[in-house]
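Reader: I want to learn how to read this model feature by feature. Where do we start?
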Amino acid sequence: MRQNAPGPLLEIRNLSLSVDTDEGQARILDSANLALMPGSIHGVVGESGCGKSTLMRAVLGILPKRGRVTEGKIVLGGRDLLSLSPAILQREVRGGQIGFIPQDPYQAFNPVFRVGTQLLETFRARPRADRRDGGRANIISLLKAVQLPDPEGALDRYPHQFSGGQRQRLLIAAALASSPAIILADEPTTALDVTTQLQILKLLRGLAEERGLSMLFVTHDFGVVAQLCDTVTVMYAGQTVESGPVSQILATPLHPYTRMLLACHPDRGAALAGIPGSVSSPLRPPSGCRFHPRCPSAKGECSKVIPRRTEQAENQDVQCVLYGAEAAA
Ligand code: SF4
């Protein structure tokens, strides 16, 4: 953590989200919790299908089709975002306090319009953006901030004339247009090669430090978490199973799923391991602990009781019967 803070800037409390499907109700998020402290970068990590992106989009008020929040709160600056009207969410949150960097820089732009036209349109839709000079001067300064070569010339070019890394820089500039306090980044480096990925991570870290930004960074890669983040939440099957400072979790991972995720990473030195099986369906989640069908530490009670979240070390929470109290399923 880079600065002391009195409390979280953004807090997700016991958030549950369901989607009505033709086969029944899918519980995509199940009592998820997360705290983003001011000036920190918080990673959200887990396999595909664990609900990471859904959690992030819920903060923006973007729910899956036929989805609804069934319980919980998303608190930003003392306000529960779930209580705000769509118009206020759009004006003050999505276009103001929170900037969003999407996953795929290849899909984010319309190929038939110049980049400048698209960025100016995005920029003018931001209520807090500085519109002097029609926004053009401000966009050029943002393109300089994201270290895009030839920022003036870039506005007249089409998306296909940029590399993937350059397009990701354009998206980062768009996310910064409203001078947000928080950036939500949804796997923004997944589609990039390793060298470009490193450059983008370095850029994001630099921008966060220069501008005092807080960032929520979704990834499936613990290596990215180790490079970029101060704190992390590990998600499994819609639940937040462990959270805490990155250095602490890398040194002493507690939840069996966190330990297995880390063992999948080549940088950990030991022989690479995998996690047998796959993430359970939210339509028919296992009883008790959702991880029990894959967990090598599972005991008889794990299929019968829902583990409660407990604090095991300073700021390190874990949800597993090996570490404390549990509740009847
Ligand atoms: Fe494994 Fe049981 Fe802990 Fe779940 S509660 S992670 S099954 S030991």
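Author: Start with the shell around the ligand: it has 10 nonpolar, three polar and no charged residues. Here Ala, Val, Leu, Ile, Met, Phe, Trp, Tyr, Cys and Pro count as nonpolar, Asp, Glu, Lys and Arg as charged, and the others, Gly among them, as polar. Keep in mind that this is a predicted model: local features need pLDDT of at least 70, side-chain atom pairs count only at pLDDT 80 or more, and totals for chains, interfaces and linings use all residues. Residues are numbered from 1 along each chain as its sequence is written, and side-chain values use heavy atoms, with hydrogens and water left out.

Reader: Which residues come nearest to the ligand?
Author: A residue is near a molecule if one of its heavy atoms lies within 4 Å of it. There are 13 residues around the ligand, and Cys289, Cys295, Cys302, Cys320 and Val321 come nearest.

Reader: What is the space taken by the ligand?
Author: A cavity is a set of points, on a 1 Å grid over the protein atoms alone, where a 1.4 Å probe fits but cannot get out. A molecule sits in one if more than half of its atoms lie within 2 Å of its grid points. In this model, the ligand takes up the largest cavity.

Reader: Is Arg66 buried, exposed or partly exposed?
Author: Buried means under 20% relative accessible area, exposed over 50%, partly exposed in between (1.4 Å probe, protein chains only). Arg66 counts as partly exposed because its relative accessibility is 48%.

Reader: Which residues of helix H4 are buried?
Author: In H4 (residues 136-145), they are Ile139, Ile140, Leu142 and Leu143. These cover an arc of only 160° around the axis, so they lie on the same side of H4. The arc is that of the directions from the helix axis to the C-beta atoms. The cover over them includes helix H3 (115-124), helix H5 (151-154), helix H6 (164-175) and helix H7 (194-211).

Reader: How many residues of helix H10 are buried?
Author: Six of the eight residues in H10 (residues 256-263) are buried, so the helix is mostly covered. They are Pro256, Tyr257, Thr258, Met260, Leu261 and Leu262. They pack against H8, E9, strand E10 (239-245) and helix H9 (246-251).

Reader: What is Thr233 in contact with?
Author: Contact means heavy atoms within 4.5 Å. Thr233 is in strand E9 (residues 231-236). Thr233 counts as buried because its relative accessibility is 0%. Leaving aside neighbours within four places in sequence, Thr233 has contacts that include Asn33, Leu34, His42, Val45 and Glu242.

Reader: Where does Gln319 lie?
Author: Gln319 is in strand E13. With a relative accessible area of 9%, Gln319 is buried. Not counting residues up to four places away in sequence, Gln319 touches residues including Gln239, His255 and Pro307.

How values were computed:
1 Å grid on protein atoms, 1.4 Å probe; cavity = no way out; pocket = protein on both sides within 12 Å on 5 of 7 lines; lining within 4 Å. Helix = DSSP H or I, 4+ residues; strand = E, 2+ residues; numbered from the N terminus.
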